[in-house]
Amino acid sequence: MKATTRTVTTDLSSTTRDGLGASPRRPDGTLKVTGEFAYSSDLWMEGMLWGATLRSPHPHARILGIDITEALKLPGVEAVLTHEDVPGEKRYGLEFQDQPVLAFDKVRYKGEAVAVVAADHPETARRAMERIRVDYEVLPPVSDSLRAAHDPEYPLVHEEGTLPVHEEYHQRGNRVRHQPIRTGDFVGVAESGEGQQEVLERLRARADAVVETEYEVGMQDQAFLGPESGMAVPAEDGGVDLYVATQWLHVDQKQIGPALGLPQDKVRLTLAGVGGAFGAREDLSMQIHACMLALRTGKPVKFVYNREESFYGHVHRHPAKMRFEHGARADGTLLYATLEIVVDGGAYASATPAVVGVASSLGIGPYEVPNVLVDAYGVYTTNPPCGAMRGFGAVQACFGYESQMDKLAEKLGMHPVELRVRNAMSQGSRIITGQEIDMPLPMAEMLERCRDLPMPVERTALEDPADQRTLPGGVAGTTRGEGVVRGVGYGVGLKNLCFSEGFDDYSTARVRMEIVAGEPVVLVHTAAAEVGQGLVTVKGQIARTELGVEKVAIAPSDTQVGSAGSSSASRQSYMTGGAVKMACEAVRESVFALARERGIIPESVPDAELSLTGGKVVSRSAGALVSLADLLGDSASGGTVVEETREHHHRPTEMLDPTLGQGASHTQFGMCVHRAVVDVDVDLGLVKVVALDAVQDVGKVLHPQQLAGQIQGGSAQGLGLALMEEIQVKDSEIRNPSFTDYLIPTILDMPPMRIDVLEHPDPHAPYGLRGAGEPPTLSSTPAIVAAVRDATKRPLTHAPVRPEDIVGIDL
Amino acid sequence: MRVSFNVNGEDVTADNVWPGESLLYVLRERLGLPGSKNACEQGECGSCTVYFDGVTACSCMIAAGQAEGREVRTVESLAEGSGKGGDRALGTVQEAFVEAGAVQCGFCTPGLLVQTDDLLERTVGAGGQAPGDAEIREALAGNLCRCTGYEKIIDAVHLAAARRAEAAGSSS
């Protein structure tokens, strides 16, 4: 991987092996390749029961009665529970407590949990569920997100008075949140109506080119491979121990405790092996259900969803409907932009308010625009609930604003990169919320670098042009090259990193140093969820670099240490990495203090001259002063153990104001630029992505290999959204809940991906780093669609692009 | 019902098997071999790939009864040497996957390892050429990975192929 190194805020010149900047092996890698790594679905205990969930077959219905008598009679069934058995709070939720643990009165989406069963075999549990009788009065679905946003006559998904009220979100009818943003001439302009039209007419008159388009982004699934699963084990103290795959142990604990009517200390969570997450594990799935059954039966209860159930068992990416208008001068300078975006949150709020916060504040993208009007809405419908997925809110908007940039460039006769460079933000720019970008943002340079990367070989120049594997349609043999057109497209996206809008998503780390068998050993303990991204590796690298010790162990993540916040929003290297760094610094200071106490450090030597290097306390002027082994002594023979716990908070952020949408709501910004090259079979509507190259600024590279994995993996999910991934929802019902019908990219669909990494440090972040996981997922989708548009000259306003869109058939 | 077959060179018997169980379920829940993964249980993702009488197959699609008298090899067989767990050295393919960064969440990894092992057996292992990108992509097309974008997996396969070819060269 090519990496450009810039000035770095922190000196990482430490020579400790496998420290920051190197690419050491994942500490969980060996177990993962031998098959011994214990994922949440691999857990097993003697005498355990299998849990199963009865789900609503209707998207919208009143529950008239539930009869579990016949199910309980089945031999092997040990418990059947409904909403009546929920010991504490009947509803839970990430932001709004609006989702029933088990449905009562009404079901609001197809697949909503109604009852749970524990039995001696999964098949017994399945048969028991068949014997539960639920009497439904079916209601018409409330499935149109635009009507949910705007039509006061549309039926309510949640009855009046049943929801918590957040004044600042402008909740009304089915609206979960409405966030307006107004700048320039649009300040004071209402949501709709004549005033808005007047301002628009004036701006249009001043513009040399105007483009107005409606776009849609389909509902994407995170499609992690490890299904929702875990095991709850009843404890002797009346509490419960839960082993589960999640993204944030403490937020699960915070929701589970009240539902069970138990104090936090009686609900203890340990992270089981996580088979991918991508946002889908931010919300609870089987957690409360398993705990309820375990507490009721007094036995361990294991849940494992199958793939179909998984499609119903977690939230998806919000589908979005967007209407953009951009006006520009003849030289490409943007004059104004407007956006109405409606994101469909489905039956329960989940992360919808935060998604609206991102979609609005980043809705116009990283472009200087003096006059902006944004209205972003998140709504309730009876569609599948939507919440977090990699890049949430920003992914949807990015597809829209990047498509607009291409359309504008075409209208003005400019190269798409030239138009973007002309309007590019940079350090010191203010995004549309008035927030200053107070960190490097070399957007113009990134665009130009991406444009100048070497192009893939022309298809006609290929050695064997008839190799089917290189053509759209692949080995299906649908073309020998006839009807195949090449296209090139660009995309750039701006993503907020860490939590926004006043949320203090701190992280905690406990670091312990001791001498074992004559050698210094460090143990790092956090509650952070390793979901595949490689945080376990990075935590070890930080400890090695900061403490100059090679032997570092990573303790299992659990709730015995303070919260680490969520493994989402690209935030763990920043937040938990920062916490580990702080705890290591505290350990180091304690070690220095101890050495001073013992008179080992000359008084003339200040702490700033000291470091821990090679297992020794080293002074820059006087050299090695003492080995850690001598200073601390073997812990087994009463030596000193140094342990420090620290919380790492990022700088505070603000809520967007509810009228003009102004405020410094974001912690950090990340950016990625993509160039996609595609071959399109314009007769059949098939696409082969030939190359997908990226330029990303990550501030500081901690682990080059894992970083590449994040960028390539994020790009792949963006490719999926560009070309194939959409949960088909009709009348609020999912039509394709399987990997047979919901397609994610295979190795055949992915092109080679070149990566160019820049390192402009963010002065506010530990090591100057920037979260890296999400930005590539933003820009890859519009780049690929732009390339297909370039090849086909079709408008392509829907992501994913469907074959019929390419061929031009209206189905 | 009772099902007896050979797993990783050992004769095993599972009792009280419900006829609707898959080979995958029997391996994971009855024989203590959870290495093969249950990602889709629809034969679409390849995470449960095992050798079934020497041919790679999705063990979720094989009824437990079909395994009677057969020979099954799982990811647990890929480490070198005898014994279980930490005592054994990683096999060439396993080693290459860790080294190349092809493992993130790792849920797809066991299936990919078995499929890669098979590809290398058929190519460099049979005295042939190391597979090129196109051949690797074709061979692994039935194994879904959601984390990596596959680039590091391709790197890992090249690395393993080179090492296996080297080992074959030095032993001949």
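Tutor: Gladly, and bear in mind that this is a predicted model.

Student: Which strand is joined to β27(A), and by how many bridges?

Tutor: That is β26 of chain A, covering residues 616–619, and four bridges join this strand to β27(A), the two running antiparallel.

Student: What order do the strands have in that sheet?

Tutor: The sheet is an open one of three strands in chain A, with the order β25-β26-β27 and antiparallel pairing. Because β25 (610–613) and β27 (623–627) of chain A stand at the edges, each has a single partner strand, and one side of each is left without a neighbour in the sheet. From one strand to the next, the twist averages 30 degrees.

Student: Switching topic, how many residues of chain B are in contact with chain A?

Tutor: On chain B there are 45, and they are in contact with 47 residues of chain A. The elements of chain B that give two or more residues to this side are α2 (92–99), α3 (109–122), α4 (133–139) and α5 (151–171).

Student: And which of them gives the most?

Tutor: α2(B) does, with four residues on the side of chain B that touches chain A. The residues of that side divide into 23 nonpolar, 13 polar and nine charged.

Student: What does UniProt list for residues 34–140 of chain A?

Tutor: The unreviewed UniProt entry lists them as "domain: Aldehyde oxidase/xanthine dehydrogenase a/b hammerhead". Over residues 34–140 of chain A, the model has 14% helix and 36% strand, with the end C-alpha atoms 51 Å apart.

Note on methods
Residues numbered from 1 in each chain as written. Chains lettered and ligands numbered in written order. Predicted model: local features only at pLDDT ≥ 70, side-chain atom pairs only at ≥ 80, totals over all residues. Pairing = 2+ DSSP bridges. Axes fitted to C-alpha atoms, helices over the stretch in contact; angles between N-to-C directions. UniProt positions renumbered as here; feature names shortened; annotations may be inferred. Contact = placed C-beta atoms within 7 Å. Nonpolar A, V, L, I, M, F, W, Y, C, P; charged D, E, K, R; others polar.
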